[in-house]
Structures are given as C-alpha cells and as structure tokens.
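Subject: Structure handover

Hi there,

Here is the structure I promised to pass on. My notes on what turned up follow below it.

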Amino acid sequence: MPGPENEMENCIFCKIANGEIPSTTLYEDDMFRVIFDLGPASKGHALILPKEHFADVTEISEEYAAKVLLVAAKIGKAMKKALGCTGFNLVQNNGLSAGQTVFHFHMHVIPRYDDGSKIVAWDPGTLDPEEAKKMQKKISEALD
Ligand code: AMP
Ligand code: ZN
C-alpha cells in the first residue's frame, strides 16, 4: 500500500541505519549511522544516515538538521587523518532530477585526493541580471 508508513517499512536505509541490515559502520550515535557507499565516487566515500526516516532535506526535523553537519565535519576530519585525503565534498541530493536514488535523507561525505578526478563539477554558465531579479522575487514570495 502506498503512503509514508509503508515507504518506511520498505526503506533500505531505515533498515541499515537501525541495524536491521548489517553494515560496516564508521560511526554511530543515537541519531545517525555512517556507512560506506556501495558505489563509491572515491576511496572511503561514506553516507550519513539518520535513524529516523525523512525522504529528503525538505522533510528533515530541526533536530536532525542541526546535527548532521556536525557529524559530517567529524567524519571529514577523521578521513583526512586516517585516509590521507586532502579535502572532502559534502553532497546531498533531493529529488530524481537531482540524482537522488534512495528516498531516505542521507549526506554523502566524499574524500578528495588531489588526483585530478572530477567528482562534483559543472561547466559554469552566466547569470543574467534581469533573470536573477525575476527569480529572486519569485523565490522570496515562495518562502514559507
Ligand atoms: P543518492 O543518489 O544521493 O540517492 O545516493 C544513494 C547512494 O546510496 C548511491 O551512491 C548508492 O551507491 C548508495 N547505496 C545504495 N544502496 C546502498 C546500500 N545498500 N549500502 C550502501 N550504499 C548504498
Ligand atoms: Zn527510511
């Protein structure tokens, strides 16, 4: 049956985060579990999974939102010490068009190694000032 409850029952990240499916866990506290991504963008690519189900960032609670960046910083710092990466990207996809494939909020922590690999990259466009003004008006009107 469709609906949020059923989505949670069938949610693989709910099961991993809560230990129902075993995983190699890099870090765990009462709110989060951090695991390795099965299809890593670089060596050590990790995922921060909240233990509560939120489909994406628009649904996440204030409590989880406040904590997730602190966990990301903790993991990134440990990766720099332990894996020898020189930086890391935090990536968080929302919606199909943004590349989200698992609809349980998660944040990617992707170590970077000065190896020239393009992981989070785009070809910069140009910002049209008139278009920017129009968008600014529409977006500020749309804010809750
Ligand atoms: P996203 O595209 O932001 O939704 O990211 C989903 C990520 O989860 C992808 O990078 C997948 O490689 C990863 N993934 C999917 N299933 C698993 C799993 N069972 N364990 C670990 N990583 C997974
Ligand atoms: Zn879930």
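Helix H2 provides the largest share of the lining of the largest pocket, three residues. Both H2 and strand S2 supply at least two residues each to that lining; helices (H or I, at least four residues) and strands (E, at least two) are DSSP runs, numbered from the N terminus. This is a predicted model, where local features need pLDDT of at least 70, side-chain atom pairs count only at pLDDT 80 or more, and totals for chains, interfaces and linings use all residues. Residues are numbered from 1 along each chain as its sequence is written, chains are lettered from A and ligands numbered from 1 in the order in which they are written, and side-chain values use heavy atoms, with hydrogens and water left out.

**The pocket**

A pocket here is an open set of points on a 1 Å grid over the protein atoms alone, where a 1.4 Å probe fits and protein lies on both sides within 12 Å along at least five of seven lines; lining residues have an atom within 4 Å of a point. The largest pocket holds about 370 Å³ of space, a volume being the space filled by probe spheres set on the points, which are joined across faces, edges and corners. Its lining has 21 residues, and Phe13, Phe36, Asp37, Leu38 and Leu47 lie nearest the centre. By type, the lining divides into 10 nonpolar, 10 polar and one charged (Ala, Val, Leu, Ile, Met, Phe, Trp, Tyr, Cys and Pro count as nonpolar, Asp, Glu, Lys and Arg as charged, and the others, Gly among them, as polar).

**The ligand**

Ligand 1 sits in this largest pocket, meaning that more than half of its atoms lie within 2 Å of the grid points. Around ligand 1 are 16 residues, each with a heavy atom within 4 Å of it; Asp37, Gly99, Thr101, His106 and His108 come nearest. This shell comprises eight nonpolar residues, seven polar and one charged. H2 (12-17) gives the most to the shell, three residues, and S2 (32-36) supplies at least two.

For polar contacts (N or O atoms paired within 3.5 Å), a backbone N or O atom of Leu38 lies 3.2 Å from a ligand nitrogen. Backbone N or O atoms of Gly99 and of Thr101 each lie 2.7 Å from a ligand oxygen. Taken alone, ligand 1 exposes 510 Å², and the protein buries 80% of that (Shrake-Rupley method, 1.4 Å probe).

**The chain**

Four helices and five strands make up the chain's elements, in the order α-α-β-β-β-α-β-β-α.

Best wishes

Technical notes:
A polar contact is a pair of N or O atoms within 3.5 Å; within protein, one must be able to donate a hydrogen and the other to accept it, and residues adjacent in sequence count only if both atoms are side-chain atoms.
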